[in-house]
Amino acid sequence: MHSSSLWQALQQRRYVLSGWPWRSALYLLTSVPLGIATLATLLLLALAGSVLTVVLVGVPLLLTLVLTGIPLAALERRRLRLLDRDPIPGPHREPRSTGLYSWLRTRLQERSTWRELGYALLFACLLWPLEGLAVGTVLTVCGGLIATPAMMAAGGDEEARVLKLWIADSYPEAFAALLAGVLLLPLLAYPLGVLAAGRAVLTRQLLSIPESGLDSRIQELGRSRMRLVDAFEAERRRIERDLHDGAQQRLVALSMTLGLARLENPAEPLGSLLAKAHEEAGVALVEIRELIRGIHPQVLTDRGLEAAVEDIADRSAVPVEVSFDLPGRMLEAIETAVYFAICEALANVAKHSRATRAEVTGRAERGRLTVEVEDNGIGGADTVDGTGLQGVADRLSVLGGHLLVSSPPGGPTVFRLQVPCSPARSRT
């Protein structure tokens, strides 16, 4: 792993005439103020946190010290773009729920947080002084030589001390020093570029997501996971068709037969038994229709996610307002997963929230579908205590999405899900 852009530039003949030497110098120079600020912040938090720990005020300061590497790493990833056009993706994952506690717990459990703290300590104590020394040496040597004639003219006594090593006592000697500085500057640009490239390599390795050498297997795992999702949805549709075309039709025929038998006005007790059997057949038919709709609603296939959500909103015990802004149909797996996630959220609203109204909003932007279900209930929803939301979160994670739940005591409760989305190629 290396900074490909700068390494490639160093191998070209026109490197000195390009902007890469200046970019390298700027990258190394900006390390100095950033390193000083980082060192001061770490020392201040460590000292204040240690002293104030006795009165518990220092605990948040020490916790902040642990998290100092996160903003520094984010800034370093941006600063690295001076030398490398290939950005480093952020290694942090989204918290399972909203709120400061969930965010802190997630960050403290991540290895990336501790790697970034280690990088902050290395940067503050070692890296920036070395970089400042390297750039300062180049600028001092070349700048001192180039400025010799100007210093001689400013002094007025026709002599100037060059780099505090010797005294130039004539203008030919001063202009010779200037020429030496001009010639030395492009020569020193190469070691400066190598130093900056090496520094970029170190930054990338420390701040990148750790790789296990199994990228191809991970990619294949992702593809096989999507194939399993598609196979699961295909099996769900097959069961729905079998129930609709098989068991439901037989129940319809049985109900009609029992109804015709009742018209014959048989004597008691056979008439009452036929009436009861006819009612039971009707109840079973209603239940199997609800089961078919729960397996895969036809409106979702025919008209899409928004129409399907409006359908369940119309049948909800709690008044639900639906507002979607979608560019069109999406992949079937995405529509199905989001639909059943909304169904679970609205079921929780009806069973547990004591809400008088709910709202479902959805929008697609920047390649992600975001849906929120909000109610005005009592709050207190949890993703793990038997509400079924954990299963929804697992199903969304298969598609690369996640579920966030904000439900403080007293409400309101907000279920927010995000899924990477892409338009469907064709729907039949």
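Residues are numbered from 1 along each chain as its sequence is written, and side-chain values use heavy atoms, with hydrogens and water left out. Because the model is predicted, local features need pLDDT of at least 70 and side-chain atom pairs count only at pLDDT 80 or more, whereas totals for chains, interfaces and linings use all residues.

In soluble globular proteins, nonpolar side chains tend to be buried together. A nonpolar core is here a set of buried Ala, Val, Leu, Ile, Met, Phe, Trp, Tyr and Cys residues joined through side-chain atoms within 4.5 Å; buried means under 20% relative accessible area, exposed over 50%, and partly exposed in between (1.4 Å probe, protein chains only). The largest such core has 40 residues, and Leu305, Val338, Ile342 and Val360 have the most contacts inside it. Its largest share, eleven residues, comes from helix 13 (residues 332-353); helices (H or I, at least four residues) and strands (E, at least two) are DSSP runs, numbered from the N terminus. A second, separate core has 19 residues, including Ala9, Trp20, Val138 and Ala189.

Contact means heavy atoms within 4.5 Å. Apart from its neighbours within four places in sequence, Leu305 is in contact with Leu300, Phe324, Leu326, Met330, Glu335, Val338, Tyr339 and Leu369.

Helix 13 also takes part in the lining of a cavity. A cavity is a set of points on a 1 Å grid over the protein atoms alone where a 1.4 Å probe fits but cannot get out, and lining residues have an atom within 4 Å of a point. A search of the whole structure finds one cavity of 30 Å³ or more. The largest cavity holds about 40 Å³ of space, a volume being the space filled by probe spheres set on the points. Helix 13, helix 14 (389-398) and strand 7 (413-420) each supply at least two residues of its lining, among which are Ala341, Leu389 and Phe415.

Helix 3 (residues 58-66) has Gly58, Leu65 and Val66 as its buried residues. Seen down the helix axis, these fall within an arc of 100° (taken from the directions from the axis to the C-beta atoms), so they line one face of helix 3. Their cover includes helix 2 (20-52), helix 4 (69-79), helix 5 (100-109) and helix 6 (111-146).

Finally, Glu374 lies in strand 5 (residues 368-375) and counts as partly exposed because its relative accessibility is 32%. Among its contacts beyond four places in sequence are Arg357 and Pro412. The C-alpha atoms of Glu374 and Arg357 are separated by 8.7 Å, although the two residues are 17 residues apart along the chain.

Definitions and conventions: On a 1 Å grid over the protein atoms alone, a cavity is a set of points where a 1.4 Å probe fits but cannot get out, and a pocket is an open set with protein on both sides within 12 Å along at least five of seven lines; lining residues have an atom within 4 Å of a point.
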